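Please consult the sequence and the three-dimensional view while reading.

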Amino acid sequence: MKNIYKILIAFVGVLAVSCNADDVEDRPVIEAAKAPVLLTPKSDFSIVLQNTNAANAATTFVWDDAQYQGTTTIVTYSLEMAKAGTNFASPTIVATTTDKFKSFTVAELNSACLNAGFAPFKAAQIDVRVKSSVGAAGAVDQVSNFYTITATPYPAWPNWGIIGSATPNGWNDPDTNLDYDLTTKKYSYVGPLVVGEIKFRLDDAWTTNFGDDGNDLTLDAGGANIPIPVAGNYTIVIDFAAKTYTVKMN
């Protein structure tokens, strides 16, 4: 009787393996057939992004759908950005969708540019393309053509600047914008200064400004002008959270 059970179990096992093998063999294979085609915006697209109209429409990326052979499945599209001329060696995915378009407001496109590593206040040449995928990531990917657009982002952090008789623009608007370090959370200026004075202010206005009443490298709201006694090339680093700063001649 035990032998009969053993034979029956063995037979069921062989049958299961055979069925599984048949399932794998008969399962439709998904293959790439036609890559998506990016339609707009094209390489003549240029935009200067401004915080004052952050909610406005910036542009809509539109593409023809990708095609695959095999079982019908959901196609996911990733919009990629990369520095122009790098052949997408290190692309940044700025949007993912199952639609054949992606609309951006000014604020959203600005965030996409910043996340892709493009500096504020500088016109950036940006290669953009669409990648389609089905199933596991990277399993059956197809990439579209690309266009090179031009975008000038604005900082998504407070816009501090330096102003004063020692700065390149003097006391005239606009301020000389300070660079922001995402890692240290500090602002900085590297460049020439002449004999004179400086202050720091927010958004090119005097509503929020800092000087130094004691000339002790501690910032004071609305404080005294900071003297620059010697002309030269300087590095100034400001920590507005700690209300401190350093001034060093290079």
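## A three-stranded sheet

Three strands make up an open sheet in the order β2-β4-β8, with antiparallel pairing. Strands here are DSSP runs of E with at least two residues, helices are runs of H or I with at least four, and both are numbered from the N terminus. Two strands pair if DSSP finds at least two bridges between them. Strands β2 (37-40) and β8 (101-105) stand at the edges with a single partner strand each, so one side of each has no neighbour in the sheet. From one strand to the next, the twist averages 20°.

Five bridges join β4 (residues 57-64) to β8 in the antiparallel sense. Thr60 has Ser103 in β8 as its bridge partner. Helix α2 (residues 106-115) lies across β4 and β8 and runs at about 100° to β8. For such angles, axes are lines fitted to C-alpha atoms, for helices over the stretch in contact, and the angles run from 0 to 180 degrees between N-to-C directions.

## Basis of the description

The model is predicted: local features need pLDDT of at least 70 and side-chain atom pairs count only at pLDDT 80 or more, while totals for chains, interfaces and linings use all residues. Residues are numbered from 1 along each chain as its sequence is written, and side-chain values use heavy atoms, with hydrogens and water left out.

## Aromatic pairs

Twelve aromatic pairs are found in a search of the whole structure. Rings of Phe, Tyr and Trp (its six-membered ring) pair if their centres lie within 6.5 Å; planes under 30 degrees apart count as stacked, over 60 as edge-to-face and the rest as tilted. Trp160 and Phe210 form a tilted pair, because their ring centres are 5.6 Å apart and their planes stand at 45°. This pair links distant parts of the chain, since Trp160 belongs to strand β11 (residues 160-163) and Phe210 to strand β16 (residues 209-211), 50 residues apart. Both Trp160 and Phe210 are buried; buried means under 20% relative accessible area, exposed over 50%, and partly exposed in between (1.4 Å probe, protein chains only).

Phe210 also pairs with Phe240: the ring centres are 6.0 Å apart and the planes at 45°, so this pair is tilted. Phe240 lies in the loop between β19 (232-239) and β20 (244-249) and Phe210 in β16, so the pair ties together parts 30 residues apart in sequence. Phe240 counts as buried because its relative accessibility is 9%. One aromatic cluster is formed by Trp157, Trp160, Tyr180, Tyr187, Phe200, Phe210, Phe240 and Tyr245.

## Charges over rings

The charged end of Lys102 sits over the ring of Phe104, 5.7 Å from its centre. Arg201 lies over the face of Trp206, at 4.6 Å from the ring centre. The criterion is that NZ of Lys or CZ of Arg is within 6 Å of the ring centre and within 35 degrees of the ring normal.

## Two buried residues

Ile163 lies in strand β11 and is buried, with a relative accessible area of 0%. Leaving aside neighbours within four places in sequence, its contacts (heavy atoms within 4.5 Å) include Trp171, Lys199, Arg201 and Trp206. Ile163 and Lys199 are 36 residues apart in sequence and 5.5 Å apart in space, C-alpha to C-alpha.

Ser133 lies in strand β9 (residues 124-133). Because its relative accessibility is 17%, Ser133 counts as buried. Beyond neighbours within four places in sequence, Ser133 is in contact with Tyr68, Ile74, Val75, Thr76, Val140 and Asp141.
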